[in-house]
Amino acid sequence: MSTDELDLEGAQFLTRETAGLSEPAGSKALGEAAERSSKHNRSVADAIPYWQDWREAANQIKSYAIAHLDTLLAEFERNIAARGATVLYAETAEQANQYVLDIARENHVQTVVKSKSMVTEEMELNHKLEAIGVRPVETDLGEYLVQLAGQRPVHIVTPALHMTAADCGHLFEKKLGEPFTAEHRELTAIARKHLREDFIQAGMGVSGVNFAIADTGSIVIVENEGNAGLSTSAPAVHVAVMGIEKVIPRLADLPLFLNLLARSGTGQKLTTYTHLIHGATPGRKLYVIIIDNGRSNVLKDPAARMALFCIRCGACLNACPVYRRTGGWAYGWVYPGPIGSIITPHLIGIDQAAELPFASSLCGACGEVCPVKIDIPHQLVHLRHRAVNEPSPMNHPTERLTWLLWAWAMRTPLRYRLTMWAVRLGMRVLPWVPWHPGKLGAWTRGRALPEVPPTSFRAWWREHGEELKPKKKGLGTGD
Amino acid sequence: MIELKRRAPPEWVYPAYEGETVALFIPCYIDQFYPKIAEATARLLTDQGVPVAFPEEQTCCGQPAFNSGYWDETRKVVHHFCDVFRDYRWIVCPSGSCTAMCRVFFEHVDADPRVVEVGRRVVELSEFLVNVLGVSDVGASFPHSVTLHSGCHGRRELGLVDPPRKLLEKVRGITFCELPNVEECCGFGGTFSVKMPGASLAMGQTKVENIVKTGAEVVVSLDISCLMHVGGILRRNPATRHIRTMHMAELLVADGKMR
């Protein structure tokens, strides 16, 4: 069973002791599913001749929105508040939690139905609700599975990507007392039966927000299962939680983002349901909590600002060869994969997540698929630069010394030759040494060392460089 | 026939080559561990009537320190690079990754236009042959089955998807085998290979499995750094030891012989 292979605490980039990922811990199911999804999504995108133009347009709209957050959020608030919604601003996760708990108490809520929301994961809202005796129920099927299993989502769009149908069957058997099945239809029916009860009982629904539209004052929630529709409309109180970066200027911008999000997230042309909520239903309550929780740190750093363009489609996770092997938990916090590596250090502090920008081969697959053209690979190197220059576990005095020496050696040809002489000598001796320490051992554990040739190119050039004369004439030489 | 695929890579506008002497930038690991690649690069260019020079003051482009986050240290090496190559209008390098460092990343290290401008003059070898000189047939012959590994920096930072394919297409006697999942990283990633060896090796294993699937005798690439890692894995396993790794330049001058 794939969950057995995954140890919630194991193989994290963020575990100081393991100092980087020593062994991949992701399940095979996750890697295969992410790869399949990535390929499918690429073919869907490739079918659209103006895909690159869409990306560019989305990038520019987001760029405008992030530069005008102050006015756009105020415009959004004014418009949605005019239709009966209460808008609350929270600077931190604690404040946002406090708002939700207060609303729950005020309305004597015992059960909360939640539709998928990454920002409430950030707030660890479920724990806070449980602490005051309120039962939170995740209603997105993936989130429901993960919650039943007592785990954290491995992916921002498909939280239970690591589970196979058989895993789900065993989980339902163990936690819900249902007879085992690995049939998708039957599994869905079981979840549906149990969740329906919760929708009826719940006093409050909590949702995330995919887009907040400033000019109409609307919140947009996309989904495929219908659970978000029920979570936001069945209970008498709906609390929508959104990060400050979710606002887009106009309703007219929405179709572009819906097109990009569905195709990049799940390879659909459009999600099954797209909810636009313009205000509170008469006789019911709608709260919109707008949360910063570290996002303004990203705004402060002009080189990093683009990270706030993210529409949480998960395409970069599926495309990332590192994510596919490690799974989401290795990233230690809420947002895994390449996007996690570039936003987590800003949100929780670079000292807490310094390893994340290094969890990449810088292959650039993430940047290539990002529907809003976030320059993820370049953001990663930018953050590496910060991680080694600010107080963080990646700021090692020994590594700095190594690079200082390297920079010294690489500045004159004589020092270069001396250094390389030593390296060549070392590489000739190494195969005879039984044990290789540190980084060298990390190389030779799985790979043979290159063979050292008798001379370097520069030595060869000194002897034979003169012999190399251009053979053909006439290539732009005027002859 | 090699199928050409194109997926919105970066596009560059190349100035016309007017017979100037081309400076060879030979990355440090090629200089020291793969001198034959540098030699092949020089021969390929002179065969096309291009005069070459090797400024012996050259050392490294600074990429390892840059990718590790040590930009102050990188800057010193980049300045040395710019001093060495200042007088050359064309700088040709047999590595996609090092070319990307010069052309794309120098400006992150130092936005001084003099630095950025020197970096922009660095052109990868296959790119120079195909895109600048307009030559894809260099008269090579290589009667073996070959698969192409595409280095990520060359592919995504420079957009070098077509040049290596065009060159291989014209090689006499070659049997080209398409590599499954060609766009996926081999897991080398410079210091990544030793900082996160578990993930790096797992990615390398997948690459090796895909190479084995092609049945090719030779894996060729514009980046011998990737192949140092992939070849290291291939050689560790007796079942895959027979598969050779070659740089594109070596293959083009090999005259049928395998390294």
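Colleague: Where should I start with chain B, and what is its secondary structure?

Modeller: The model is predicted, so everything here is computed from its coordinates. Chain B has eight strands and 13 helices. Its C-alpha trace spans about 50 × 45 × 35 Å along the principal axes.

Colleague: How does the radius of gyration of chain B agree with that of a compact globule?

Modeller: For 259 residues, a compact globule would have a radius of gyration near 18 Å, and chain B has 17 Å, so the two agree. In chain B, 58% of the 259 residues count as buried. Taking contacts in chain B between residues at least 6 apart in sequence, 78% join residues at least 24 apart.

Colleague: What domains is chain B divided into?

Modeller: The assignment gives domain 1 as 22–132 and domain 2 as 145–253. The C-alpha centres of these two domains of chain B lie 21 Å apart. Their contact takes 28 residues from domain 1 of chain B and 22 residues from domain 2 of chain B. On the side of domain 1 of chain B that touches domain 2, the helices that each supply at least two residues include helix 2 (35–47), helix 5 (96–109) and helix 7 of chain B.

Colleague: Take helix 7 of chain B. Which of its residues are buried?

Modeller: A residue is buried if 20 or more other C-beta atoms lie within 10 Å of its own. In helix 7 of chain B, the residues that qualify are B:L125, B:S126, B:E127, B:F128, B:L129 and B:V130. That is six of the eight residues, so helix 7 of chain B is largely enclosed by the rest of the structure.

Colleague: What do the buried residues of helix 7 of chain B pack against?

Modeller: They pack against helix 2, helix 9, helix 13 (248–253), strand 3 (90–93) and strand 4 (122–124) of chain B. After helix 7 of chain B comes B:G134, with a positive phi near 75°.

Colleague: How do I read a pair of packed helices?

Modeller: Two packed helices are described by the angle between their axes and the distance between the axes. Here, helix 7 (residues 125–132) and helix 9 (residues 162–169) of chain B pack at about 75°, and their axes are 8 Å apart. Helix 7 of chain B and helix 9 of chain B are therefore roughly perpendicular to each other. From helix 7 of chain B the contact uses B:S126, B:E127, B:L129, B:V130 and B:N131, and from helix 9 of chain B it uses B:P163, B:P164, B:K166 and B:L167.

Colleague: Now chain A. How many helices and strands are there in chain A, and what percentage of its residues count as buried?

Modeller: Chain A has 22 helices and ten strands. Of its 479 residues, 48% count as buried. The C-alpha atoms of chain A fill a box of roughly 90 × 55 × 45 Å along the principal axes. Among contacts in chain A between residues at least 6 apart in sequence, 74% join residues at least 24 apart.

Colleague: Which domains does the assignment of chain A give?

Modeller: It gives domain 1 (48–293) and domain 2 (408–467). The C-alpha centres of domain 1 of chain A and domain 2 of chain A lie 55 Å apart.

Colleague: What should I expect of nonpolar residues?

Modeller: In soluble globular proteins, nonpolar side chains tend to be buried together. In this model the largest nonpolar core has 216 residues, and those with the most contacts inside it are A:V239, A:V288, A:I289, A:C316 and B:V92. Beyond four places in sequence, A:V239 touches A:V100, A:I103, A:M204, A:V206, A:Y287 and A:I289.

Colleague: How do I read a positive phi?

Modeller: Most residues other than glycine have a negative phi. A:R312 has a positive phi, near 55°. A:R312 is placed in the loop between helix 13 (295–300) and helix 14 (315–319) of chain A. A:K373 also has a positive phi, of about 55°, and lies in the loop between helix 17 (365–369) and helix 18 (376–389) of chain A.

Colleague: Are A:R312 and A:K373 buried or partly exposed?

Modeller: A:R312 has 19 other C-beta atoms within 10 Å and is partly exposed. A:K373 has 20 C-beta neighbours inside 10 Å and counts as buried.

Methods: Residues are numbered from 1 along each chain as its sequence is written. Chains are lettered from A and ligands numbered from 1 in the order in which they are written. This is a predicted model: local features need pLDDT of at least 70, side-chain atom pairs count only at pLDDT 80 or more; totals for chains, interfaces and linings use all residues. Domain bounds come from an automatic or database domain assignment. A nonpolar core is a set of buried Ala, Val, Leu, Ile, Met, Phe, Trp, Tyr and Cys residues joined through C-beta atoms within 7 Å. A residue is buried if 20 or more other C-beta atoms lie within 10 Å of its own, exposed if 12 or fewer, and partly exposed in between; C-beta atoms are placed from the backbone. Two residues are in contact if their C-beta atoms, placed from the backbone, lie within 7 Å. Helices (H or I, at least four residues) and strands (E, at least two) are DSSP runs, numbered from the N terminus. The radius of gyration is taken over C-alpha atoms; the globule rule is 2.2 Å times the number of residues to the power 0.38. Axes are lines fitted to C-alpha atoms, for helices over the stretch in contact, and angles run from 0 to 180 degrees between N-to-C directions. Angles under 35 degrees count as roughly parallel, over 145 as roughly antiparallel, 65 to 115 as roughly perpendicular and the rest as oblique.
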